[in-house]
Amino acid sequence: MMWKDSYRLGIESIDQQHMELFRMTEALAETCKEVLEFLKDYVIYHFKDEEAYQASIHYSGIEAHKAEHRQFTQTVLEYEKCLKENGFDRKTMKDLAGTVTVWLIYHVVDTDQKIVAGEEYTSRETSFHKNIDVFANSALEIMETMAGLDRSKVQQQTTSLYHSKRDISITIELVGDLKGKVVFGFSKELALYLIQTMTMMELRTLDELVRSALCELTNITCGNATVALAKHGLHCDIRPPVASQGGDYNIDGTGVRIDTAFGCLEVGVQIENPEKQAIS
């Protein structure tokens, strides 16, 4: 048990209450361990079944699907390591919950639907003139797919210099043919709307769950954008997203402001090799 006699104050009623709190905290930690073990074992079991089915129907997108499964399995294993090191702390558990929730929803409503339809991932056939258009379009696709956002009712404005005063920003580094970074600046209203709509949870603050969910949302957005860029001959990869809250955010690059009925998203792209800025 986590409780030690050295914790006693000598006040029986308070010591008993402290002991009960320790018992409940220990029970919570044990529950978290059980949930994590189930998640780890079940995704491996489920992924094997899903991949076996794809192989049986000769699904053309099986390799890309397997790559998604491998990446997610690695994410769960990394969280397991972190949770064990941090004593199954609340912050890391909420981080895990946000990441898993968004990944699972997208995997079911988009990626897995393509198995039934016999399709591989394809972005919408859209004419792009600059890289910023690819990332902005990908963000709109994800918000539409994941949260039912009506794209016909949003307003977009492109700026030559990205400056954001949003409540939370997610930065993702680009490497490969394109070197630089992409920044997604969310207003609090839009951030909460997106995650509440996806999870059906009542959320009021930009806590660890919301931040990790937004990180996974933008990670998927950038992943899809790199697929679209590859079709234009630009092959690049992305680094893990990094979240920051409050303050101004400036980058020497182009941006798109997307205004919705639920808040604002500002997408900025800074490319270190300017000759790659325009898509051919």
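Predicted model: local features only at pLDDT ≥ 70, side-chain atom pairs only at ≥ 80, totals over all residues.
Local features require pLDDT of at least 70 and side-chain atom pairs pLDDT 80 or more, while totals for chains, interfaces and linings use all residues. Side-chain values use heavy atoms, without hydrogens and water, and residues are numbered from 1 along each chain.

**Packing of α5 and α6**

- A191, L192, L194, I195 and M198 of α5 meet L209, V210, A213, L214 and L217 of α6 (contact: heavy atoms within 4.5 Å).
- The residues of this contact comprise ten nonpolar, no polar and no charged (Ala, Val, Leu, Ile, Met, Phe, Trp, Tyr, Cys and Pro count as nonpolar, Asp, Glu, Lys and Arg as charged, the others, including Gly, as polar).

**Largest pocket**

- Q71, E216, N219, I220 and I238 lie nearest the centre of the largest pocket, among 40 lining residues (a pocket is an open set of points on a 1 Å grid where a 1.4 Å probe fits, with protein on both sides within 12 Å along at least five of seven lines; lining residues have an atom within 4 Å of a point).
- Elements giving two or more residues to this lining are α2 (62-85), α3 (90-117), α6 and β5 (236-238).
- The lining divides into 16 nonpolar, 13 polar and eleven charged residues.

Terms used: Helix = DSSP H or I, 4+ residues; strand = E, 2+ residues; numbered from the N terminus.
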